[in-house]
Structure formats: C-alpha cells, structure tokens
Amino acid sequence: MTAVLFILTTVDELMKENRDIAKLFKPLIATNFDPFDIVTATIKHHQDDLIVARSCSVLCQLFNAGLVASDSTVVQLMDFVHSESQYPDRHKKFCFLAILNILQGVLRDNAHRVAFMEAHGMQMLLPLLKQKSSNSQLQYQVG
C-alpha cells in the first residue's frame, strides 16, 4: 500500500465516520493547500484504480459537506470525467462508478450545472445510457 493510498483511505474513512470532518477543510479552500486541487491532481497523475476510487470518494465527501470547488478545478474534474467516460472499460466497475460520483458532486451547484451544459456534458453521458450493459447501477448514476 502506497503512502498516497494510505492517506486517502484514512481521510476518506474519517469523513465517512464523521461528516463534520470534511467541513474542517473549508479554511484551506482557495489556498495553496486547497483539498480539491490536491485530490484532483492526485486523480490525474495516478492510474491505480484504488487511488482513483479513493480520491473520487474524498472529493464526493467534500462536495457532500457543502464545500465548493473553484471553477478551474470543476473544469478539470469535468474534463477528467469526460475523458474517462470515453473508455468505461479502462477501470474496474467500482472505480468507474466512483468517477461518475464526482459528476454528481459537481452538479450540486447550480453554476456548475450551467457549465456542464455549456460543455456539452449530456452528449458525454448519452453513450453510457445507450450501452447494452447489464450494470443497472451505472445506468442509475448516469440518469
């Protein structure tokens, strides 16, 4: 287990145990230690499914706590989800579902919904809905 995976797992489990822990990261938003920026960079630089899935989970915990990522980070996250959705078989099922969870977190903010529509986000999701996949969880999350 790498140090990155250990840290992500620990932070993720702590936030799942106590939702208020995610709110403790709020003072770091828009600083050099912005948790959204750090975790987004981690996702983009690691191909390991466990690291990607844990990173996605941490981001979702931050979004669920009501924290708002910067517009540039949201664009990076949408680009990441878009590029990964082009190759859904690249990752294991649990990892791909975690990647889609990021989109759910991003779209909680109305301004980000507009950005998603302007970036033709629906066209990104339609092929996933059209797949003859037996994965009902994937279909549900995309819907």
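This is a predicted model: local features need pLDDT of at least 70, side-chain atom pairs count only at pLDDT 80 or more; totals for chains, interfaces and linings use all residues.

Reply: A crossing is left-handed if the near helix is turned anticlockwise from the far one by less than a right angle, and right-handed if clockwise. Residues are numbered from 1 along each chain as its sequence is written, and side-chain values use heavy atoms, leaving out hydrogens and water.

The part I would examine is helix 4, residues 49-64 (helices are DSSP runs of H or I, at least four residues, numbered from the N terminus). Helix 3, residues 35-45, packs against helix 4 at about 160 degrees with the axes 9 Å apart (lines fitted to C-alpha atoms over the stretch in contact, with angles from 0 to 180 degrees between N-to-C directions), which means that the two are roughly antiparallel (over 145 degrees). Their crossing is left-handed, and the contact (heavy atoms within 4.5 Å) involves P35, F36, V39, T40, T42 and I43 of helix 3, facing residues of helix 4 that include I51, S55, L59 and F63. By class, this contact has eleven nonpolar, three polar and no charged residues (charged being Asp, Glu, Lys and Arg; nonpolar Ala, Val, Leu, Ile, Met, Phe, Trp, Tyr, Cys and Pro; polar the others).

Because F36 lies in helix 3 and F63 in helix 4, the pair ties together parts 27 residues apart in sequence.

Helix 1 also passes helix 4 in a left-handed crossing, their axes coming within 9 Å at roughly 35 degrees. Among the residues in that contact are L8, D12 and K16 of helix 1 and R54, V58 and L62 of helix 4, and its classes are nine nonpolar, four polar and four charged. As for confidence, helix 1 (residues 3-17) has the highest mean, 95, in a chain that averages 86.

Technical notes: pLDDT is the predictor's confidence in each residue, from 0 to 100. Angles under 35 degrees count as roughly parallel, over 145 as roughly antiparallel, 65 to 115 as roughly perpendicular and the rest as oblique.
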